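The points are grouped by topic.

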Amino acid sequence: MKAMKRLTALLLAAVMAFALAACSDQGNQPSSTPSQTPTSSAPSQGPDDTQPSQAGAEFTTIEPGKLLMVTNAAFPPYEMTDDSGNVIGIDPEIAQAIADKLGLELVIDDIDFDAALISVQENRHDVMLAGLSYREDRDLVLDFTDKYATGIQVIIVNEGDDTIAGTNDELQLVDADGNVLEDIQIGVQRGTTGEEYCQSAHGTEHVTSLDNGSLAVQALINGQVDCVVIDNGPAQEYVAANPGLTILKAKYVEEDYCAAVDEGNTALLDAINNALNELIADGTVQRIIDKYITAD
Amino acid sequence: MDLAYHYELWRSMMSSGDLDWWQVFFVRFYQAFLENGRWQQYLRGVGTTLYVTAMALCLGVVLGVLVAVIRTAHDQQRPGRRNFLLGLADLVCRVYVTIIRGTPMMVQILIMGMVIFSSSRNFTMVGALTLGINSGAYVAEIIRGGLMSLDPGQMEAGRSLGLNYIQTMRFIVIPQAFKAILPSLGNEFIVLLKDTSMISVIGGQELIKAARDVINRTYDAMFPLIGSAVIYLILVLIFTWLQGRLERRLRQSDRR
Amino acid sequence: MIDVKDLTKSFGKHLVLNGISEHIHPGEKVVVIGPSGSGKSTFLRCLNLLEEPTSGTITFQGQEITDPKADINAIRRQMGMVFQHFNLFPNMTIRKNITLAPVQTKLMSQAEADEAASALLRRVGLEEKADAYPAQLSGGQKQRIAIVRALAMKPKLMLFDEPTSALDPEMVGEVLEVMKELAQEGMTMVVVTHEMGFAREVGTRVLFMDAGKILEQDEPQAFFAHPKEQRTIEFLSKVL
């Protein structure tokens, strides 16, 4: 499979060898070899920091002095774009705080969620913060930081629709009597854990994957799906913006939100973890979350 | 009439359902295009769309001409005098055209963005490059078709006068073929312009990305999407008009 | 001037020319006639290598043009060719049609070529058409221009491939007139045609081709008066 991939790549590359050079000149293309000069071996010497982060080994970033973060800015309030196209939200602010601690300049790229997962593995980006839930199979290809928020996946339905009552142990949607709803169509965001859970619980034919949460909610409004399974944060926003939708009391599943770096990049992982834990300890993370999600 | 005032006023009344249809229409329109200067986002998107189209067109035409000339020259060799290098170049060109025409645009974009240029963060340029490489294969076939469709007597007349192959192509065959293929080339350009919408899947920041950002902020899909469609349509109509003028101008030379 | 030895040409399995040997001397006006499919056009097109012979040799002024190393472009500059369908360049003015080759092959400067074009156009009475495009001319005018275009290269030999076959009958005369004048000036000519009158009047030799071979040849008077072969007699009885 890998060989096949390389072969195709080679064929295409041969055809456009000259164009390649042109592109990499223009792009601020990073060298993917991690053997660059260590940029900021020591964390920031902020005077008010109780204890500097103890990076065990010196970490490197893809571009010296910069922390390249990738996200999918279609997941309010964790990440979204403002009206000038800048990425804002909980994750960008936490990432900014981490970058400040590490003495790095934060750079954010906004691409599709599944592309973002690949991007960190391919060393195009240093770190991914995208309301990313910890999962064992993701842990095989990525290294996760400690948890910084709890992601609760909820079920959005049309108001007055009481066919769905909650979930059973196998994460199947059930009615009030606990019977599994066989004939149901669930809207999810492509590449999310909700998509995977719903697909394994109900089968792919009962799950409609949309490019982002907005489109999934639009599909629910249009009646193309019966419900949407999505994280609680954005769900609150969607329901607030679209009269006629409601969130079920029963949660779908609870998960840990973590940042992720490429598998094996322990030095960077440790550095980020240290910074993150300091930010959690001093209440910064909670302040950022509260700013976007009004407690209820 | 103060648009912003009415927008705020009617928007707060929207959930109660007391508005006329045109008031709802206004609110959604305002929200999708005018609020906080969102039209600038679309405008930037259009800018990128046109830029990517122009880049891809240049690359596509260069590649297309190159491939078409190599393949035509190879096919028009005098029998028994095959050039090995030309044969090799022809093979490369045929593989290129076959792969590009045999795989979906979307797959090519994903492969370029996630496999080949998996470490480049210049998403828009990668998108333009992909589109250019894709377009090159189609342009090559259009040009080759144009060269083949021309009366072989034109080539014979040029050669019988002692002009060499390249001179005959340059002065006689290509100018005539260009006129013949202009409609197809225009069509390819239009396809290219619309295909730029696909580069948003690898992070290209063009018109559809702007529309999707607005959707994510307003939770309303209809107006940004229909608005984008209208913008594409206007761009295509402008180009079609320009193309028509160019064609009429070229025709003047031979029908008077 | 041209020496053809054992010339054969086949398209795939179809043998079009079957062993032709012929010699054409300077100043001759050779007229090639024969039924359609006899290979006469292919024979003519082999003479300037528009068709690549399958085997055999062609020598032009002592130079073997069928040799792969021969500079075919240089040789073609000395042989003018006139086509059945004129093959003027529709995207250029008449003047440009005529001057393109002499200028591009560095035979003349643009000014010299323009001068030569005007003189040639005057000769065929089409001087006022210099800035017209081919689409604005009649068939007879186009063919006269095509002849002029070939002459602009100052060729030593002119090849005519059925020059009047695509013309309306009333235009045949004006083209043949130009060809006759050319013949009187001493140009060496090879003409594939169905115009028996022209063959009789202008030709110095008539070749009759059938099934890829030259079946018989003679001076025009003798040829038309006393054809020897059965196929020739049949053919002449149909066309005369």
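The model shown is predicted. Chain B touches chain C through 23 residues of chain B and 31 residues of chain C. Chain B also touches chain A, with 43 residues of chain B in contact with 46 residues of chain A. Chains A and C do not touch: no contact joins them.

**Arrangement of the chains**

- Two pairs of chains touch, and the pair with the most contacts is A and B.
- Between chain A and chain C, the closest C-alpha atoms are 33 Å apart.

**Chain B against chain C**

- About 2400 Å² is buried between chain B and chain C, and carbon and sulfur atoms give 53% of this area.
- One salt bridge is counted between chain B and chain C. The side chains involved are those of C:R45 and B:E156, with an N to O distance of 2.6 Å.
- Seven residue pairs are in polar contact between chain B and chain C, with both residues of each pair at pLDDT 80 or more.
- On the side of chain B that touches chain C, at least two residues come from each of helix 7 (152–160) and helix 8 (165–195). Helix 7 of chain B gives the most to this side, with seven residues.
- Sorted by class, the side of chain B that touches chain C holds nine polar, seven nonpolar and seven charged residues.

**Chain B against chain A**

- The area buried between chain B and chain A comes to about 3900 Å², with 60% given by carbon and sulfur atoms. On the chain B side, B:R121, B:N216 and B:Y219 lose the most area to chain A, and together they account for 22% of what that side buries.
- Six salt bridges are found across the interface of chain B and chain A. In a salt bridge between B:R121 and A:E63, the closest N and O atoms are 3.1 Å apart.
- Helix 3 (39–75), helix 4 (84–102), helix 5 (105–116), helix 6 (123–149) and helix 9 of chain B each supply at least two residues of the side that touches chain A.
- That side of chain B divides into 22 nonpolar, 12 polar and nine charged residues.

**Cavities**

- Five cavities of 30 Å³ or more are present in the structure.
- The largest cavity has a volume of about 100 Å³. It is lined by 14 residues, and those closest to its centre are A:N72, A:D110, A:D112, B:K209 and B:R212.
- Helix 9 (residues 207–218) of chain B gives the most to the lining of the largest cavity, with four residues. Helix 9 of chain B also supplies at least two residues of the side that touches chain A.
- The lining of the largest cavity is made up of six charged, five polar and three nonpolar residues.
- The second largest cavity has a volume of about 70 Å³. Residues of chain A line it, including A:F75, A:F113, A:L132, A:R138 and A:D231.
- In the lining of the second largest cavity, six residues are polar, four are nonpolar and two are charged.

Conventions
Residues are numbered from 1 along each chain as its sequence is written. Chains are lettered from A and ligands numbered from 1 in the order in which they are written. Side-chain values use heavy atoms; hydrogens and water are left out. Contact means heavy atoms within 4.5 Å. Buried area is the accessible area (1.4 Å probe) that two parts lose on being put together, summed over both. A salt bridge is a side-chain nitrogen of Lys or Arg within 4 Å of a carboxyl oxygen of Asp or Glu. A polar contact is a pair of N or O atoms within 3.5 Å; within protein, one must be able to donate a hydrogen and the other to accept it, and residues adjacent in sequence count only if both atoms are side-chain atoms. Ala, Val, Leu, Ile, Met, Phe, Trp, Tyr, Cys and Pro count as nonpolar, Asp, Glu, Lys and Arg as charged, and the others, Gly among them, as polar. On a 1 Å grid over the protein atoms alone, a cavity is a set of points where a 1.4 Å probe fits but cannot get out, and a pocket is an open set with protein on both sides within 12 Å along at least five of seven lines; lining residues have an atom within 4 Å of a point. Grid points are joined across faces, edges and corners, and a volume is the space filled by probe spheres set on the points.
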